[in-house]
Amino acid sequence: MIWWMVACFPTHPVEPGATPGAAPEASATYVGSATCGACHVSANEVWARSSHATALATLTTAQHGADPECLACHVTGFRQPTGWTGNATPALGNVGCESCHGAGGGHAASPTRGYGRLPKAASTCVGCHTRDNSPDFVWSGYWPQVEHGR
Ligand code: HEC
Ligand code: HEC
Ligand code: HEC
Ligand code: HEC
């Protein structure tokens, strides 16, 4: 069980609750990208083609699918309330909509404006696209590859 293996490494240097990129609404729950995509069809098409949608498989292939040092940036809501916990939360594998927009259960149940607004700038990305993990990252080169709207 992946959650059990995570529990074996409590001293890894990932801050409990630290999930780069996510800024959850207070008390919102994670629902997963498929729920968002049912309404946001074009955003979902862009996302599904991007490597964000397969980021957990990348870790598994690299034999690090249960490594807490890696999961924080390769799944959605790692160590956040209602976030990814392993096999029990398959909808939250990978870098999902909510990795950037924040937990969106409240919005998904009752869609309004105001949820999930982000700066169109590198600050939205560099929590994960760090110098070490993404040395070639520049906004002007990376955003066009994942750019989406409604
Ligand atoms: C039931 C349909 C539905 C679901 C599910 C849904 N949305 Fe929305 N979303 C909407 C609608 C409708 C709007 C526009 C609201 C308006 O203009 O009043 C919107 C607006 C947004 C906006 C723009 C907000 C703004 O202030 O401009 C973002 C970002 C967004 N949704 C992301 C998401 C994400 C991420 C999820 C999954 C967690 C999600 N949505 C789930 C229907 C939905
Ligand atoms: C929660 C962490 C996280 C956030 C936030 C994030 N990314 Fe990523 N991104 C990743 C990971 C992990 C990968 C590698 C996925 C893989 O290859 O399996 C990736 C890959 C990419 C790639 C593909 C790079 C390539 O060479 O194939 C692009 C483009 C990208 N991200 C753009 C962005 C942009 C633009 C933002 C901000 C708007 C952003 N990302 C925010 C984690 C994140
Ligand atoms: C701070 C966030 C972060 C952490 C922690 C992280 N990654 Fe990533 N990873 C990324 C991002 C962002 C990318 C996309 C890089 C790009 O294409 O610019 C990526 C890409 C990758 C890739 C595909 C690209 C490549 O280099 O071949 C692999 C494999 C990978 N990560 C494995 C790991 C492993 C294994 C760990 C743990 C030891 C890990 N990652 C930890 C953010 C992270
Ligand atoms: C890598 C980070 C990232 C991921 C993953 C991501 N988004 Fe976004 N999204 C952004 C950014 C940045 C913007 C541009 C901000 C803006 O337009 O204000 C944006 C814009 C949007 C908008 C348009 C908001 C508006 O006001 O027009 C919607 C809707 C949206 N995203 C929904 C989604 C959905 C649904 C998913 C998943 C299928 C998703 N996003 C995945 C970063 C992300």
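Me: Why is H52 called partly exposed?

Reply: The relative accessibility of H52 is 23%. Buried means under 20% relative accessible area, exposed over 50%, and partly exposed in between, with a 1.4 Å probe and protein chains only. H52 therefore counts as partly exposed. H129 has a relative accessible area of 23% and is partly exposed. The model is predicted: local features need pLDDT of at least 70 and side-chain atom pairs pLDDT 80 or more, while totals for chains, interfaces and linings use all residues. Residues are numbered from 1 along each chain as its sequence is written, chains are lettered from A and ligands numbered from 1 in the order in which they are written, and side-chain values use heavy atoms, without hydrogens and water.

Me: What makes T89 and F137 buried or exposed?

Reply: T89 has 17% relative accessibility, so it counts as buried. F137 has a relative accessible area of 13% and is therefore buried. T89 sits in the loop between α5 and α6, and F137 in the loop between α7 (105-109) and α8 (139-146). Helices here are DSSP runs (H or I, at least four residues), numbered from the N terminus.

Me: Which residues does F137 touch, not counting residues up to four places away in sequence?

Reply: The residues are A122, C125, V126, H129 and Y142. Contact means heavy atoms within 4.5 Å. For V126, the separation from F137 is 11 residues in sequence and 8.4 Å from C-alpha to C-alpha. T89, counted in the same way, touches G83 and W84.

Me: How do you know which protein atoms coordinate the iron atom of ligand 2?

Reply: The NE2 atoms of H52 and H129 lie at 2.0 to 2.1 Å from the iron. Donors are N, O and S atoms within 2.8 Å of the metal (3.2 Å for Na, K and Ca), and water is not among the atoms, so sites may look incomplete. Both NE2 atoms therefore qualify as donors.

Me: Why is the site of the iron atom of ligand 2 called octahedral?

Reply: The site has six donor atoms, with angles of 83 to 180° among them. Six donors count as octahedral if opposite donors are over 155 degrees apart and all others between 65 and 115. The site is classed as octahedral on that basis. H52 lies in the loop between α3 and α4 and H129 in the loop between α7 and α8, so the pair ties together parts that are 77 residues apart in sequence.

Me: How many protein donors does the iron atom of ligand 3 have?

Reply: H74 (NE2), at 2.3 Å, is the only one. H74 belongs to helix α5 (residues 68-74).

Me: What makes H52, T58 and H129 polar contacts of ligand 2?

Reply: A polar contact is a pair of N or O atoms within 3.5 Å; within protein, one must be able to donate a hydrogen and the other to accept it, and residues adjacent in sequence count only if both atoms are side-chain atoms. An N or O atom in the side chain of H52 is 2.7 Å from a nitrogen atom of ligand 2. For H129 the distance to a nitrogen atom of the ligand is 2.8 Å, and for T58 the distance to an oxygen atom is 2.4 Å. Each pair therefore meets the distance limit. Two or more residues of the shell come from each of α4 (55-61), α5, α6 and α8. Helix α8 gives the most, five residues.

Me: How do the residues around ligand 2 divide by class?

Reply: There are 11 nonpolar, 10 polar and no charged residues. Ala, Val, Leu, Ile, Met, Phe, Trp, Tyr, Cys and Pro count as nonpolar, Asp, Glu, Lys and Arg as charged, and the others, Gly among them, as polar.

Me: Which residues come closest to ligand 1?

Reply: Of 19 surrounding residues, the closest are C36, C39, H40, H107 and G114. A residue is near a molecule if one of its heavy atoms lies within 4 Å of it. The shell has seven nonpolar, eight polar and four charged residues.

Me: What surrounds ligand 4?

Reply: There are 16 residues, with C97, C100, H101, W143 and H148 the closest. Helices α3 (41-49) and α6 (97-101) each supply at least two shell residues.

Definitions and conventions. Four donors count as tetrahedral if all angles lie between 85 and 135 degrees; four count as square planar and six as octahedral if opposite donors are over 155 degrees apart and all others between 65 and 115; anything else is irregular.
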